[in-house]
Amino acid sequence: MANLQVNLVTKSYGSKKLFEDVNVNFTAGKRYGLTGPNGAGKSTFLKILSGDLEPDTGTVSRPEKTSMLRQDQFGYEETRVLDVVLQGSARLWSAMAEKENLLALPNITDDQGNRLGELECVIAEEDGYTAESDAGTLLAGLGIPSDSHEGKMGDLAGGLKLRVLLARALFGKPEVLLLDEPTNNLDIDSIRWLEEFLCEYQGVLVTISHDRHFLNAICTHIADIDYNTIITYTGAYDEMVMAKSEVRGRIESENSDRQKKISQLQDFVARFGAGTRASQVQSRKKQIEKLQLSDLKRSNIERPFIQLLVKKPSGKQTLTIDGLSKQFPAAKICEDFTTLITKGEKVAIVGQNGVGKTTLCRLLVGELKPDEGTIEWGHEVSIGYIAQDHSDTIPKGTTVDAYLHSFDDRAYLQDIRGLLGKMLFKGEEGQKSTNVLSGGEAVRLLFAKLMLTKDNVLVLDEPTNHLDLESIVALGDALSKFEGTAFVVTHDRELISGFATRLFAFSPEGLIDFRGSYDEYLAQHQPQKAAKKSRR
């Protein structure tokens, strides 16, 4: 297995410099998480590694069998699903296609016969005779039903198409594997399968992910984009955060001590510079020159401050569900489901994609009606809701501060701007048009709205979509401290483990009301082998 080498790479967009003179050697057998805040240049750097994008300066040395997850899910609509995966090995696919064309000829010359022999060798070297079986195993592990493998990509839902593209990237034993958000559109079971697969992978892995649990499970190293460069740390994500904090704290402490010493020396020079102690003054000046402060560039990382307060508490019996049944559209969401949620409980809604988590949220907030049964909210309940598809939630043609002000016209402008500043809309960004918000900005604005309305019940459907790791950590802290009641759909296992006191879990047996933590639920209902975490 070959290494992936980056030499003096620099990349800028306009006046914004993402990174400068980066030197990194990604070593075979090691698995690197590429981290940094939104806008730091993670996806840009991954495209430079793959060769899809040229750096402003510098070079990248990569092996021929470099594979990248490309999320162009609509580029293969008429192609058989298995063939999309097989195309992940360009050498094998080319050999198989050429062999098929030669065999279709009515007569084969001696040269063409020799060529067929060469192609057979290539196919054998690339494990071509088990290729379809291997591709099927990958698809099955990622949750693609076997009856879809022979069908066309165009027949699959968007989320399943992305899984096929992930299988394509994994196929063919690439020497370098580059994955940009590979856990998007994967349910928890598929993520756990992927973790086990990647922990057995022997090449160079570089992955971007906002899933801390995923990074902690698979990474042997973290390549962190910050301070306009890339610094590599040994260990997984949590270890990187700790190491980075310790390094910065040590430098800040050393600089503080040096600054005190410099001030004392400068005071001596100022007092005796014109007197008879010239030799001592010169000695102090030399000491000042030696006591240079360590260069401490400003970090790009900013964490929003999410504080979910309650304006007025709800009654103790917050939610009563009695005999709830719902079929939507063809799947059975729940049948005769009965439960009572009391004030302050934090419920994580978990399950595979397509089982009805979003439908359950819409039932809770009244957007859908039950087929049978009742959903009754308790005394003084006020619901704050973030939908999974919130594209129509924020109106176009206004500004972020005007949008917030529409929920409380008595709020002072400085209070609105203060909330926006906590959610990283600083200065003139408070007047940013809602027409041009990125996905992450839209979600942060919706959280600013919840901080303003101070509802005592939250229903959050995939709130971590589009958020970077720093924002997800801030959300986890806020949910843990929230004094109201929360219902949260998420695949982020670290987040679930941190806040949830109870689960609504979709299982083959139906919708389960589990009173306990997520780890306790897994131990009782999914006794699967944890992903291996080998460190090299």
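On a 1 Å grid over the protein atoms alone, a pocket is an open set of points where a 1.4 Å probe fits, with protein on both sides within 12 Å along at least five of seven lines, and its lining residues have an atom within 4 Å of a point. The model I present is predicted, so local features need pLDDT of at least 70 and side-chain atom pairs pLDDT 80 or more, whereas totals for chains, interfaces and linings use all residues. Residues are numbered from 1 along each chain as its sequence is written, and side-chain values use heavy atoms, without hydrogens and water.

I turn to the second largest pocket. Its lining comprises 25 residues, and Pro37, Asn38, Gly39, Glu302 and Arg444 lie nearest the centre. Strand E2 (16-26) and helix H14 (439-453) each give two or more residues to this lining; H14 gives the most, with four. By class, the lining of this pocket has seven nonpolar, nine polar and nine charged residues, where Asp, Glu, Lys and Arg count as charged and Gly is among the polar.

Next, the largest pocket. It is lined by 35 residues, with Asn184, Asn185, Gln388, Glu462 and His491 nearest its centre. Helices H6 (158-170), H7 and H11 (357-364) each supply at least two lining residues, and H6 gives the most, with three.

Finally, helix H7. Why does the length of H7 agree with expectation? At 1.5 Å a residue, its twelve residues (188-199) should span 16 Å, and the end C-alpha atoms are 17 Å apart, which agrees. At the start of H7, a side-chain oxygen of Asp187 reaches to within 3.3 Å of the backbone nitrogen of Asp189.

Notes:
Expected span 1.5 Å × (residues − 1). Polar contact = N/O pair within 3.5 Å; in protein donor to acceptor, adjacent residues only side chain to side chain.
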